[in-house]
Amino acid sequence: MGGGVLMYAENPESVTQNSTTAEPSLQKRRSFLGALVALGSAFVGALLSVPLIRFAIFPLIRRTTDLKNSPVGSMSEFSSMTEPAMRTVQIEQIDGWRKTVSEKIVYITKDQRNQLSVLSSICPHLGCTVPWNKEKKQFICPCHGGTFSADGSRFSGPSQRGMDTLETSVQDGQLQVRFQYFRQLVSDKEVVG
Amino acid sequence: MQETKIERSESAVAPPKADLWGWLDRRTGVDAALRSALYEPIPGGAHFAYVFGSGLLFIFISQVITGIFLALYYVPSADHAHTTVSYITKAVTAGSFLRSLHAYGASAMIIVLLLHLSQTYIYGSYKGPREILWVSGCVLFALVLGMAFTGYLLPWDQRAYFATAVGTNAASEVPLIGETLKRMMRGGTEMGTLTISRFFVAHVFFIPACIFVLVAAHILLFRKAGAAGPPDEDPYEPKKKTELFYPRQVLMDLSLTALLIIGLGALCFFAPMQLGPPANPIDAQYIPRPEWYYLPIFQWLKYWHGAASVVGILIIPMVLAVAIVTLPFFDRSVERRPWKRPIAMGSYGFVLFALVGLGLRSQYLDSLDPSVAQQLAKQKSEEQEYMRKPFEPELSAASLAAANTALADPQAAKGKAIFDSQSCNACHGDGGVGTAAAPALVGISAKYSPEQLAHLFQHPTVRMAGGGMPPINLPPDDMKSLIAYVQSLK
């Protein structure tokens, strides 16, 4: 690491002025020392690069982008539910040192096995917001007339799949949802962005 | 021609090799370059007094490497700089360590630079054919001080902001061009995001480019003139028996490097660099203090006001700077022994004494005034408190726009008018984003229900009251609006 290694100045005097012409035994000792110095420098260099590498690969060891679970409401709120309930949830997305907060509409409903599930209100056809129609007891998309049952499965219309269910979890009696976007115009649910 | 010369003098040392190294050397000349670097003769032999140059080179390389890595996460703008430095310090693995290495490295560089300069001066090593070598060293000194000054602002915390505000203000004291100079540095009349851009460009592109060129020139000029050797050596024609740079001087240089690595490493590990709360330009109480190496200048500037300031701020420093830079041109005697150079050593002692004295005086004056000492202690504790908080991501501009559309709610809009008219924003910031004086209200609806908020507004806790929060008494309808607004802050 010393400065000498980097000095490239070609100074003729420095060569002719050499006062000592090394003897073979001294020469041997010097090359051993040289190897020792090189090895030591390499070792210290490697040691110093450990924090640099850890710093640079931080995005590989930890999550730098994240989608937080959003609270929807307490479980008891939805136990006696007879039809899908609309809620506005706050979506918090972490992107490195910044976060984006946005609001999205979701529907809390019951699936075929009578378990609570949360549906994204984004139509899997072209992304319009799908409202619950109380009179017809189905979800009807205002854009192209796609219809979905109370549990979100597809009835009719241009959509190739039913409404998308979102990942849920329960924490301290609170229903939590993980809001995600899904690819439109395809028959299989596929996460995007 | 070069080849034959080297073979003549070094053939006993290294016969031409047929191995990989030999091949590499035939293609690149690396062996000859290494030899010429390592076999620099030193009149009078290796000595610990000569280690500071390589020490500086080592710290400079370390600063370049850590600086490049810090730029992986840093953003030079007034609204992101502090968040990104906070992210580096609190979230990124090894971030606090690397940032500390870079920040303390600046101080270490100035210490080793002063030692290098002192050694050169005391040993009279600027004498002989070394005028340009000395001048290039002086310019490098100024550039390193420039790096320290420009780098200090970049974290954009209270300490950085106010120290730089004072520093750039000092520039305006220069007669005639002062105000222009200040505006040039700040990118306007006030400190702001353009100031960060300017300081960043100076710190990362402009000054380093100059340093690279000058370091190369400095080393070339040093090799051209040859090592000066001990003080009783002739500066023009060395007569003492020489010893080659390798191995003993290399080992001595490496021992300083090892000392620097251990010292800086331990410091960064056990006492990492702090980051204070984000810069708050309207904080009228904050008492700015520069880093230790600028304390003497800081104290010196205090003594000069009005018409006399030209003398203290311009003439005396200029005379001193010119005297230092041109030293080898008028100090022509070949005498290098310090005890035979009373004027040179006397002036060195005087300047050193004055600098240390001014620095200590500044510290002493701070300790003398209880209100200043108290405020400085408060600032320190605010820094420590900020360091204890976990990293808080910055809310994106898109989210803020969304929050504003929430004001489509007429009740919340009315609440915003109350919030502003009651001067809540003076402490909690516009849009409740928080300031150094009071916490952010953004996202408070997640913590408190409207009823709890109403209670807190009417009966602030002891801690809130201590921070200056008054009880709010409003008609019920207004209170409802205010709460609606505070709850809409997301």
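Student: Among contacts in chain A between residues at least 6 apart in sequence, what share joins residues at least 24 apart?

Tutor: The share is 45% of those contacts. Please keep in mind that this is a predicted model.

Student: How many bridges pair strand S4 with strand S5 of chain A?

Tutor: Five bridges pair S4 (residues 98–110) with S5 (residues 116–120) of chain A, in the antiparallel sense. One bridge partner to locate is A:Ser117 in S5(A), which pairs with A:Thr109. S5(A) is also joined by two bridges to the antiparallel strand S10 (residues 165–171) of chain A, where A:Thr165 stands opposite A:Leu119.

Student: Where does A:Asn114 lie, and is A:Asn114 buried or exposed?

Tutor: A:Asn114 lies in the loop between S4 and S5 of chain A, and the hairpin has five residues between these strands. A:Asn114 is exposed because 7 other C-beta atoms lie within 10 Å, and a residue with 12 or fewer is called exposed. As for backbone angles, most residues other than glycine have a negative phi. The phi of A:Asn114, however, is positive, near 65°.

Student: What is phi for B:Ala94, and where does B:Ala94 lie?

Tutor: B:Ala94 has a positive phi of about 65° although it is not a glycine, and it lies in the loop between H5 and H6 of chain B. With 19 C-beta neighbours inside 10 Å, B:Ala94 counts as partly exposed.

Student: How many residues of helix H5 of chain B are buried?

Tutor: Nine of the ten residues of H5 (residues 81–90) of chain B are buried, and the helix is mostly covered. Among the buried residues are B:Ala81, B:His82 and B:Tyr87. The buried residues of H5(B) pack against helices H4 (52–70), H6 (95–122) and H10 (193–225), and against strand S3 (394–395), of chain B.

Student: Which residues touch the most other members of the largest nonpolar core?

Tutor: In this core of 31 residues, they are B:Leu153, B:Leu154, B:Trp156 and B:Ile196. The elements giving two or more residues to the core are H4, H5, H6, H7 (131–153), H8 (158–171) and H10 of chain B. Apart from this core lies another, of 25 residues, including B:Phe60 and B:Tyr293.

Student: Which peptide bond is cis, with omega near 5°?

Tutor: Most peptide bonds are trans. The bond from B:Tyr246 to B:Pro247 is cis, and B:Pro247 has its place in helix H11 (residues 245–270) of chain B.

Methods. Residues numbered from 1 in each chain as written. Chains lettered and ligands numbered in written order. Predicted model: local features only at pLDDT ≥ 70, side-chain atom pairs only at ≥ 80, totals over all residues. Buried ≥ 20, exposed ≤ 12 C-beta atoms within 10 Å, placed from the backbone. Helix = DSSP H or I, 4+ residues; strand = E, 2+ residues; numbered from the N terminus. Contact = placed C-beta atoms within 7 Å. Core = buried A, V, L, I, M, F, W, Y, C linked by C-beta atoms within 7 Å. Pairing = 2+ DSSP bridges.
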